[in-house]
Amino acid sequence: PKVSIAFRPIDSLLLRGSYGTGFKAPDLEQVYQPPSAAPGWFVDSWQCSQTDADTDGDGRPNVDPDSLPDTHPCRYQSFHPMTFSGNRDLEPEESDNWTAGLVWSPSPNFSIIVDYYKIKMDEQIWNEEDQALLDEELRRRQVGEAGQRVGDVVRTSSGQIVTVFSTYENVDRLETDGIDTEASFQFSIGQLGDVSTTLRWTHVLNYDKDYNDGRGSIDWVGKVGHPQDRAQLSVSWSLGNLSAAVFGNHVSDQDNPSWEDGWDDEHLASFTTWDVQASYVTPWDGVFTVGARNVLDRKPPRYNNGFYDYWQHEIYGRVPYLRLEQSF
């Protein structure tokens with residue numbers, strides 16, 4: 001269900017608000033995915049705790065891990081065997097969301113929109129993190145559990161990992177709020193045509209996640225993968241059958257999550273790209289468009305390991321295109 005309210009105290013000002021709930025059922029893969037083998041990326045916490053490199057027994061080295069041999073259990077390794085499968089006991093994710101804002105239009109050619117949003121999600125479905133499973137095994141062994149399988153980790157009698165079982169779970173709770181803004185302005189330049197500009201900006205105030213693996217609540221705003229600001233500027237021009245537009249796209253910089261081992265100096269710089277296009281409306285009701293995304297061929301920032309974050313950055317460089325649309 002959802003309820004909303006709107007009030008216009010004067011012709012140029014609209015005040016609005018809403019409250020709603022939602023749910024998302026787990027998809028078929030999350031429920032029925034058969035067991036499959038995959039490599040894991042983690043420190044072998046239990047084996048590490050038994051070496052001289054770990055002096056406090058927390059499953060992490062107390063020396064520079066780069067000084068250890070490549071196969072040392074206190075170093076992050078990607079060759080550990082894992083078995084991943086679906087979970088038939090998953091519950092749906094549930095959410096509550098609130099919005100409040102205003103639309104101010106002092107003239108037909110100018111308007112400003114400001115909206116505050118707050119979203120709370122419970123029972124988030126997430127695959128269990130590799131390292132959390134190994135850390136849980138270490139905690140259990142330290143309080144007396146023994147055997148070849150402890151928790152989700154199976155070992156040989158000599159202590160080598162046979163496999164780590166991982167699946168999807170309803171594990172996390174998320175609360176996030178922020179501000180969405182949009183400003184639009186249109187004007188004429190006489191016989192030279194009409195110009196329209198729009199600036200959209202989203203600013204995240206909080207992005208708090210509660211974890212069930214001992215990390216507690218973490219605010220991810222500004223951390224890697226969670227930029228605090230995103231913005232887009234568009235400037236378009238039209239004159240008769242001709243039109244052109246420039247779009248600027250911005251993602252703010254991000255720092256390492258300092259609580260994550262191995263990410264001590266991670267940083268992604270801010271990233272801004274520009275797109276351009278021009279269009280012509282043909283006499284036969286067609287539209288011919290030529291343009292390019294990331295026209296300046298900007299390269300996205302890289303992680304320390306050299307990889308790009310293709311989830312949030314355009315990684316293809318300059319992409320020219322032609323498009324023909326025809327109406328009948």
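Modeller: Strand 16 and strand 17 (residues 286-293) pair in the antiparallel sense over 6 bridges. Please keep in mind that this is a predicted model.

Colleague: What makes strand 16 and strand 17 count as a pair?

Modeller: Two strands pair if there are at least two bridges between them, and here there are 6. Within this pairing, Q277 stands opposite G291 in strand 17. The hairpin of the two strands has 4 residues between them, and D285 takes a positive phi near 60° there.

Colleague: Which other strand pairs with strand 16, and over how many bridges?

Modeller: That is strand 13 (residues 242-251), which pairs with strand 16 (residues 271-281) in the antiparallel sense over 10 bridges. L242 stands opposite Y280 of strand 16.

Colleague: Let us turn to charges. Why is the contact of D70 and R75 called a salt bridge?

Modeller: The cut-off is 4 Å from a side-chain nitrogen of Lys or Arg to a carboxyl oxygen of Asp or Glu. D70 and R75 have an N to O distance of 3.3 Å, and their side chains meet in a salt bridge. The structure holds 17 salt bridges.

Colleague: And are these two partners buried or exposed?

Modeller: D70 has 57% relative accessibility, so D70 counts as exposed, the limit being over 50%. R75 has a relative accessible area of 18% and is therefore buried, since buried means under 20%.

Colleague: What about E136 and R139: where do they lie?

Modeller: Both are in helix 3 (residues 130-142), 3 residues apart, about one turn of the helix. E136, at 31% relative accessibility, counts as partly exposed, and so does R139 at 37%, because partly exposed covers the range between the buried and exposed limits.

Colleague: Which parts of the chain does the pair of E137 and R155 link?

Modeller: E137 forms a salt bridge with R155, with the closest N and O atoms 2.7 Å apart. The pair links distant parts of the chain, E137 being in helix 3 and R155 in strand 8 (residues 153-155), 18 residues apart. Both residues are buried. They also belong to a network of salt bridges that links D44, E137, R141 and R155.

Colleague: Which residues make up the largest nonpolar core?

Modeller: There are 7 of them: F42, M82, L133, L134, V153, I161 and V164. Helix 3 and strand 9 (161-188) are the elements that give two or more residues to this core. A second, separate core has 5 residues, including V43, C48, L68 and C74.

Colleague: What does L134 touch, leaving out residues up to four places away in sequence?

Modeller: L134 touches F42, V43, D44, S45, V153, R155, I161 and V164.

Colleague: One last case. How do you know that T83 is buried?

Modeller: T83 has a relative accessible area of 18%, and buried means under 20%, so T83 is buried. This residue is found in strand 4 (residues 77-85).

Colleague: What makes the link of T83 and T163 a polar contact?

Modeller: The two side chains are joined at 2.8 Å, and the cut-off for a pair of N or O atoms is within 3.5 Å. Apart from its neighbours within four places in sequence, T83 is in contact with P35, S36, T163, V164, F165 and S166.

Methods
Residues are numbered from 1 along each chain as its sequence is written. This is a predicted model: local features need pLDDT of at least 70, side-chain atom pairs count only at pLDDT 80 or more; totals for chains, interfaces and linings use all residues. Side-chain values use heavy atoms; hydrogens and water are left out. Buried means under 20% relative accessible area, exposed over 50%, partly exposed in between (1.4 Å probe, protein chains only). A nonpolar core is a set of buried Ala, Val, Leu, Ile, Met, Phe, Trp, Tyr and Cys residues joined through side-chain atoms within 4.5 Å. Contact means heavy atoms within 4.5 Å. A polar contact is a pair of N or O atoms within 3.5 Å; within protein, one must be able to donate a hydrogen and the other to accept it, and residues adjacent in sequence count only if both atoms are side-chain atoms.
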